[in-house]
Amino acid sequence: MITDRIDSITRIPPDRCRPSPPAPRSVKIEISPRCNYRCGFCALRNREVQPKWDIDFELYKRITGEMREAGVEEIGVFYLGESFMNPRLLVDCIRHAKRELGFPYVFLTSNASMAFPEAVEECMKAGLDSLKWSCNAADEDQFEAIMGVSKKLFRNAAGNIKEAYEIRRRGGYATGLYASSIRYDGAQQERMERYLAEAIRPYVDQHYWLPLYSMGAFATQREEELGYRPTAGNQGRLGALREPLPCWSAFTEGHVTADGSLSACCFDANANWTMGDLNKQSFMEAWNSAPFVALRDAHLRKDVRGTVCEACIAYA
């Protein structure tokens, strides 16, 4: 089940509780830094200038080769942006990770609105192991208010989720289909439950709930405007929440932006947590760079004063 994999990543094992841990089991790589949504709770909306360039495929091939050699087992072909913004590159990245490098597990999270059936099937053919949909609105009005875009995309997403299920059935593909949602409160949560029961859960293998993340504290103002209370940092999924310190993100999973930066944070939209430049360094050089080692040491001491993590809502 997908929740077992998530829980194994958000749990820091003893051999990784050190400033210079071995290679992470999982790495997320941003195929495209662009997104067609403007979600009120997402750090991406805080970028002053939205990136225009997707990841260079030659850079992707080099760093994934280094990751596999170092012992990385899982590649997420996404990070902050929406990977279906460049479906051809996405398929090429999946195919290279599976067929050329032999990664045991390649996974993707998408908002579904641009996951048109032909692209989804090509991803499945290329060997995608897991496709998870982010479903965080119960109806068109809520979608427009939270995601900040046209109601039409709400209908597109629901149709694509249903069609992906049919594509898998017809083609006999092995791709797991999943969905996650932010858990809200009161009447809003009741509307979510009704929508999921009708339009989402019948077309996925498993659905699970997430808390409203703080997105590195960048989205806090917008969250307050919308009336939602964020949880501290990224504590994983509901049902298996982790302590904010040390933050698992810095120890068990790598995060690579489309421009080749290695970040220590799950929600680093503005390059505040950059620990290395993979255009100039190997993956392991960046993974255990001096800044990263120092930051992890602070996390292990549970004292992040004076570090880039100090301002995160998790520690405020």
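A helix axis here is a line fitted to C-alpha atoms over the stretch in contact, and angles are taken between N-to-C directions. Keep that in mind for each stop below, and note that the model is predicted.

Start by colouring the chain by pLDDT. The mean is 88, and 86% of the residues reach 70 or more. Then select residues 214–231, where pLDDT stays under 50. For this stretch the model has 49 contacts beyond four places in sequence.

Next, select residues 57–70, helix α2, together with residues 87–100, helix α3. Their axes lie 11 Å apart, and the two helices pack at an angle of about 25°. Angles under 35 degrees count as roughly parallel, and α2 and α3 are therefore roughly parallel to each other. Their crossing is right-handed.

Now show side chains along this pair. On the α2 side, pick F57, Y60, K61 and T64. They meet L89, D92, C93, I94, H96 and A97 of α3. Sorted by class, this contact has six nonpolar, two polar and two charged residues.

From α3, display P87, L90, V91, I94, R95, K98 and R99; from α4, display A119, E122, C123, K125 and A126. These residues make the contact. By class, the contact of α3 with α4 has seven nonpolar, no polar and five charged residues.

Finish on I94 of α3, a residue listed in the contact with α2 and also in the contact with α4.

Conventions. Residues are numbered from 1 along each chain as its sequence is written. This is a predicted model: local features need pLDDT of at least 70, side-chain atom pairs count only at pLDDT 80 or more; totals for chains, interfaces and linings use all residues. Side-chain values use heavy atoms; hydrogens and water are left out. Axes are lines fitted to C-alpha atoms, for helices over the stretch in contact, and angles run from 0 to 180 degrees between N-to-C directions. Helices (H or I, at least four residues) and strands (E, at least two) are DSSP runs, numbered from the N terminus. Angles under 35 degrees count as roughly parallel, over 145 as roughly antiparallel, 65 to 115 as roughly perpendicular and the rest as oblique. A crossing is left-handed if the near helix is turned anticlockwise from the far one by less than a right angle, and right-handed if clockwise. Contact means heavy atoms within 4.5 Å. Ala, Val, Leu, Ile, Met, Phe, Trp, Tyr, Cys and Pro count as nonpolar, Asp, Glu, Lys and Arg as charged, and the others, Gly among them, as polar. pLDDT is the predictor's confidence in each residue, from 0 to 100.
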